[in-house]
Amino acid sequence: MTDAPRGPRPTDPLVALRPWEAPEVTSWGRLPMNAVDRRSGALPLDGDWRFQLLPTPDAPVGGAWSSAYVPGVWTMQDTDDLPQYLNVRMPFPEFPPHSPAANPTGVHERDVDVPAEWAGRRIVLQVGAAESVLLVHVDGQPVGISKDSHLAAEFDLTGLVRPGARSVLRLTVVKWSDASHLEDQDQWWHGGITRSVLLYATDPLHLADVTVRARSDGLLRVDCRVRDTGGALPEGWCVSGELEGQLLTQDAEFDRFNAEDERVSDFLGEARLQTVVEDVRTWNAETPELYDLTVRLHRADGTVADTSRHRIGFRDVEISGRDLLVNGERVFIRGVNRHDFHPLTGRTVSYDDMRADLITLKRFGFNAIRTSHYPNDPSLYDLTDELGFYVVDEADIESHDHAHEIADDPRYLNAFVDRVSRMVLRDKNHPSVIVWSLGNESDYGANHDAAAGWVRRHDPTRPVQYEGAAKLDWAAAGDATDIACPMYAPLEECVAHALSGRQTKPLIWCEYSHAMGNSNGTLADHWAAIESTPGLQGGFIWEFWDHGILQRVNDGRPVGRGGAGLYDNGVAAPGHRWAYGGDFGEPDHDGAFIADGVVFPDRTPKPAMYEHREISAPVRIECFRHEGIVLGNHQHFRGLAWLAAEWELSLADGRTLTAPVELPDLRPGETAAVPLPFQLPEDGGEAWLTLRVTTAGDEPWAPRGTVVCVPQVRLRKAPPQPQPAPVRNRFVEVDDEGLLIHPLLTAAPTLARRPRDSAHRRHASDLTLPELLGGAATIRHRRPRPGRDRWRRRGSSAAPGHRPATWPGEFSRTHVGVTRYGYRSVMAGLRAGRVWVDHGHLLDGLDVRVKRDCDSGRGVTLGGRLRVRKGERITLNVTVTSASRPNPQGILPELAHVDVIRGAVRGPVADRDTWRAPDTRVVATKDVTGRKGTYTLRIPLTAGDESFYVRLRGSDGQRHGTGYLGASVDPHGPIPHEPGDGDPWADTWFYSNPVFVDVTG
């Protein structure tokens, strides 16, 4: 125990400043960010610290201390402040920049023995990350303040500690602050010190920063900044370097230019090392070649005052037209969004954890990471350099709940520029970082432009991206993004944009294929379009992790650091479970929406990972020729020599024949035919040919023999088998719990419903019950409970005497009623005529009908059939009821425009497997901004060979769903009823399902 003063007290200047409610204050006493790695030779301060959790930042510190492990969040360490999950909404009601009065504040304290050999040296404290405001005291004296929960803060302690003596270090972390409004990311809310703390010492004359620029042609330039703790620089200092045995000397031409331009400073030294490396080995994600660079700062007598070591890669990044190029090659971005997460420690991840994350991703074909939505731990970038990943490095900015208000708020201007610039200053020497991101879901305003301007000036070698800057116009010039990086933009819209002739930037989804449940099902569709459409270059799946925290069932507490071994293969041990939003008793939460990763919380891969591995396969079976099977190299830089392969022929009788194969010597993009070593048996049974591809030797991310991909092709179909007649159940009943009642069932199946999900968390897969039982059916179901459940009225035919089916839709974003184009699952006929939709609660109701101008009556709605002649005038009636209630995030969105889009469809709309995105153009737009209540838009059209669809656009420019009016054929034959009140299809609305308009000559 210590006799240090029990503060901080209200008279403490750090507390008196109230920095947790001062957005203009991003730091005080904090040293500038730099790219000099000081971890080697530092004094680590990780371990058990004395700890108190105060109710407010200005509450007095008492005499009773507990213990907390650093790095670690206190929300996972047996305190009463538990984790909370919210996606968009802030966890407190106060508006920016304010924070709640009840504001948990963690006081971390420990004794530090300063090494005696540090006498006369500069002594610096580094706190890896603290969430969200850090106050630093040494022996009761104020040292400094820092914000940004995901970047390190350094403080000069030289005049505050004595080498050879003991000091008391106190780190106070305030959980809620003005900065919390900038850190409203889709993850758990925690509080604490999340990355390592260390103390290091340098000579008073030291390297303040090192900037490396290494081009793919071998040109190396190293710019050094030099400072001295005494202020004025001593005479005679110089720098030198070494690159794998090659000596680098100070660039005299650079020194001469600075002298002639009067750019020589008394207190800021600038020097440059420059050379050209012959026969340079370039860096890319497939062959991540690294060089060891050492930079030395010398005193006037030639002795070394300071040293900085770097692993560098020679590579170029540029945008040429609408292509993102790495070393002159247009590369596909096969990416994933990754949070810092661990089921036992929350936000704190170890080096081994990060390496395991990246090895998993590498083995499943990923080559890119977006550091959603903040700079990751510094060790991760060392690993992405080594293992080979393209990184979109993202600043710690997401103001989702108050986005447009903060984007132009001058009080937050400094915070935007500070967070972006410090990220760039820290990570600029990593070859894996190819794009800077200004943040996520923070609207777009002057604060973004200011941050983008700083980045482009400081680092012109990399592009800048920000989704919000381009969301209204992907082709816009002069904004804060060099890449069109949409979020969940429909594939057909992206293809149409790439084919429109208007594209000016690369299009790379910053988020796509949201990985909840089995919703990665469009991966193959996306990549078929990406690989065949110039202008599309890939994207980042949302996301890597299911953020399930391991929880004890008996007391509802996080297990914490001692839980190793209490889970396996994605399953928690008995007495434990994966906790999601609401499982810690918090009343305000967003449930299981945080379980949206391609791996389970213990990093067990989900099936989507195996699909992605095959989609990204480096070697593929292209086609058959008379000389054999054609294989192709689908890499960008590497040949096939690092791979080994074996043929497998699987036969209907259960036999599997194998044979080795020598992969051809193919450069990227080349193909060649190899002979098939098998004679296909003539038994007429089904036969499959598989090419099992493995690593031929050890790779940094995989030992020899690791499976890389298994491309497969069917050589012969199975003979047709007689199909039993389908069972037609005209009624399906469910009980009060929503479970199926059927005489053939002894117990009700739960299908895809999660065992712990309550009624308001059911999934869209529950809607396919009638399809499983043989086709169209009626569902009987209870009414929703007012005030308890949030509902979306879904499709189901309503027989006389029965209520229409109602199903919860809080988390659902799948097709309503029809799971595939043209395939009927649950028939959606609401006799009342109105269907409720859930496109962000933009609307309360939508009714789309089309009729011939010569007809009277209500016309045909989606799912009906209308026969017209080519060139005949038809009228589209769109009846909408504007939103009367806010969405779950408390926002009341507004419908701004209703567009009618005409497109030439390639392939039948009714068959999704062969459907191709249309060449679209808007033929009619109705501005409905400000219109309330229920109203009908009458839009005249002319029937032709093309299809029409309706697009809804909200006031934020986002697309809010489409209903297709397709010139197509019903794959299941004619609809057996004429449209009308008695027809169960008469009042149907299907999300993205066509109205069948037969156009005759």
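**View 1. Strands 9 and 10 are joined antiparallel by six bridges.** Val138 has Gln141 of strand 10 as its bridge partner. The two strands belong to an open, antiparallel sheet of seven strands in the order 1-10-9-12-7-3-4, where two strands pair if DSSP finds at least two bridges between them. Strand 1 (27-28) and strand 4 (66-70) are the edges; each has a single partner strand, so one side of each is left without a neighbour in the sheet. The model is predicted: local features need pLDDT of at least 70 and side-chain atom pairs count only at pLDDT 80 or more, whereas totals for chains, interfaces and linings use all residues. Residues are numbered from 1 along each chain as its sequence is written, and side-chain values use heavy atoms, with hydrogens and water left out.

**View 2. A parallel open sheet has seven strands in the order 29-28-27-26-25-31-30.** At its edges stand strand 29 (464-465) and strand 30 (507-512), each with a single partner strand, so one side of each lacks a neighbour in the sheet. Strand 27 (residues 390-394) and strand 28 (residues 433-437) run parallel and are joined by four bridges; Val392 is partnered by Val435 of strand 28. Helix 9 (residues 491-499) packs on the sheet and touches strand 30 and strand 31 (536-541), contact meaning heavy atoms within 4.5 Å. The direction of helix 9 makes about 170° with that of strand 30; axes are lines fitted to C-alpha atoms, for helices over the stretch in contact, and angles run from 0 to 180 degrees between N-to-C directions. Helix 10 (residues 523-532) also packs on the sheet, touching strand 25 (333-337), strand 30 and strand 31, and its direction makes about 155° with that of strand 31.

**View 3. Helix 11 (residues 607-615) has buried residues.** These are Ala608, Met609, His612, Arg613 and Ile615, where buried means under 20% relative accessible area, exposed over 50% and partly exposed in between (1.4 Å probe, protein chains only). They cover an arc of only 165° around the axis, which puts them on the same side of helix 11; the arc is that of the directions from the helix axis to the C-beta atoms. Their cover includes strand 25, helix 3 (351-363), helix 10, strand 31, strand 36 (619-625) and strand 42 (707-709).

**View 4. Tyr444 and Tyr466 form a tilted aromatic pair.** The whole structure holds 15 aromatic pairs; rings of Phe, Tyr and Trp (its six-membered ring) pair if their centres lie within 6.5 Å, and planes under 30 degrees apart count as stacked, over 60 as edge-to-face and the rest as tilted. Between Tyr444 and Tyr466 the centres are 6.5 Å apart and the planes at 45°. Tyr444 is partly exposed at 24% relative accessibility, whereas Tyr466 is buried at 1%.

**View 5. Cys510 is in no disulfide.** The nearest cysteine sulfur, that of Cys485, is 5.1 Å away, and a disulfide is a pair of cysteine sulfur atoms within 2.5 Å. Cys510 is buried, at 1% relative accessibility. By this rule the count of disulfides is zero.
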